[in-house]
Amino acid sequence: MDFKNANELLDLCKKHDLPISEVMRQREIVEGEKEADTVHDAMARVLEIMKNAAFTPIKEPVRSMGGLIGGEAKKIASRYHSGFGICGDLLEKSMIYAMATLETNASMGLIVASPTAGSAGIVPGLLLGLQEVHKLDDEQIIQALFNASAIGYLAMRNATVAGAVGGCQAEVGVASAMAASAIVELLGGDPEQCLGAASTVLMNMLGLVCDPVGGLVEYPCQNRNAAGVANAIIAAEISLSGIHQLIPFDEMLNAMYIVGKRLPAELRETAQGGCAATPSACAACGGCA
Amino acid sequence: MSFISAFDVMGPNMIGPSSSHTAGAARIAFLARKMLNSTLKKVQFTLYGSFAKTYHGHGTDRALLGGIMGFGTDDMRIRDSFEIAKDIGLDFSFVPNEIETDVHPNTVDILMTNENGNHILIRGESLGGGKARICRINDVEVDFTGEYSTLIVIQKDKPGVVTYITKCLSDQGVNIAFMRLFRESKGNTAYSIVESDGLLPENIAEEIRKSPNVSDVMIIQL
């Protein structure tokens, strides 16, 4: 039950008539030599940590270690609850949870790197937002996390999820692709539609640079986690509408990887370009390298 | 290529904010502590590259100190590791080194001193995604990750010692996944690093220590 690329994953899904999540779950049991219960409990623990990280800062905002962020999730939540929010229930809730998770992360709280700490808000943000809006139970979300894992695994195996190697498109981009694929499955899409959505995300975030102010996982990371959620929703909607993507996931992933490697070093997590090099950013972090 | 698990993607479960600067740092110190067979009294962390520049904002210092006290990457006590270390009377310090640049960008040297005043120096690199490797013990370049149960033998570089070690292992039914030998120079101190699936038998260190050519044995259990 192993696969090296999205093409092989699709073949397995077709051959066994299984969704992506189930192929990935069985891969973990068979190839990872683990008990089904162990695998389930570990993913249930992932969801538990995700919920705490996403919900806590809305009630109790915390200042980040570097002092650049803190309190954003609560602000958006209060605007949403006042009824003036312009994004609609799913995006409002998801972006609140995504930004809250980054607040938890930046204040040394417990999070799940999914796939990285800097992009840790997107998968939980969207899945928890969808869970509330569509009244899904925890078991459905746990299963969907295996779908997201499959996409992240392909990115780790065949490209990169490190901002230092491939820029923010590899962190937030891949996290957003994971989230898009997972919600397509939850909303009844087939494996091909999941991968189509993941491909669309990578296309729409292609070239995004990694330029953290002061070198810290705070800003613009938190905003980009909200953007990652929005991109995932757009891509899922395109895919669920039955629109076929010209470029399959494997090719899009490779394109992302090539673009990432071509990014100059100052735009790959070194805090020497992009947002990090603006005068205001330099003033805020007290002078950079 | 090693197996990439669903939990390598959805994970590690970690105290933020950075898998390389926080979780990876905690992991290195955690491994280093396991290599000390006695009570830790004093520890000095020398930080290189990106660690030296951003250690405060990333909580790298708290993570290292937490790791050295045995806290895992998801242990909330990492946040309070300064206070906890003071409470238990651990003497700790951090030294950023921005002069030496010919190292991996996320490197730390951990100098541990035990209750008898003996030192051991461990160098570790944080490789991203919470992964780490130990690349130096004292003056000898080594290479292991602690992702397997690991046996580290400090020995004389002379014929028969490796055979002796593998015999002890096979007598106890240990299946060796990887084994490598590192040395300072010919005839001096050498390190055998053995990685194995599953747990190593408790008395294996004692057995191997019986050889006059073995000066110390360390075990990092999975």
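**View 1. An open, antiparallel sheet of four strands in chain B of a predicted model**. The strand order is β9-β10-β8-β11 (chain B). Strands are DSSP runs of E, at least two residues long, and helices are runs of H or I, at least four residues long, both numbered from the N terminus. Two strands pair if DSSP finds at least two bridges between them. At the edges lie β9 (176-183) and β11 (214-220) of chain B, each pairing on one side only. From one strand to the next, the twist averages 15° (axes are lines fitted to C-alpha atoms; angles run from 0 to 180 degrees between N-to-C directions).

Residues are numbered from 1 along each chain as its sequence is written, and chains are lettered from A and ligands numbered from 1 in the order in which they are written. In this predicted model, local features need pLDDT of at least 70 and side-chain atom pairs count only at pLDDT 80 or more, while totals for chains, interfaces and linings use all residues.

**View 2. The pairing of β9(B) with β10(B)**. Seven bridges join β9(B) to β10 (residues 189-196) of chain B in the antiparallel sense. B:Met179 has B:Val194 of β10(B) as its bridge partner.

**View 3. A strand pair across the two chains**. Strand β1 (residues 110-112) of chain A runs antiparallel to β1(B), with three bridges. The bridge partner of A:Leu110 is B:Ile15 in β1(B).

**View 4. The contact between chains A and B**. Chain B gives 30 residues and chain A gives 36 residues (contact: C-beta atoms, placed from the backbone, within 7 Å). On the chain B side, α1 (6-9), β1 (13-15) and α3 (49-54) each give two or more residues. The largest share, four residues, comes from α1(B).

Terms used: Contact = placed C-beta atoms within 7 Å.
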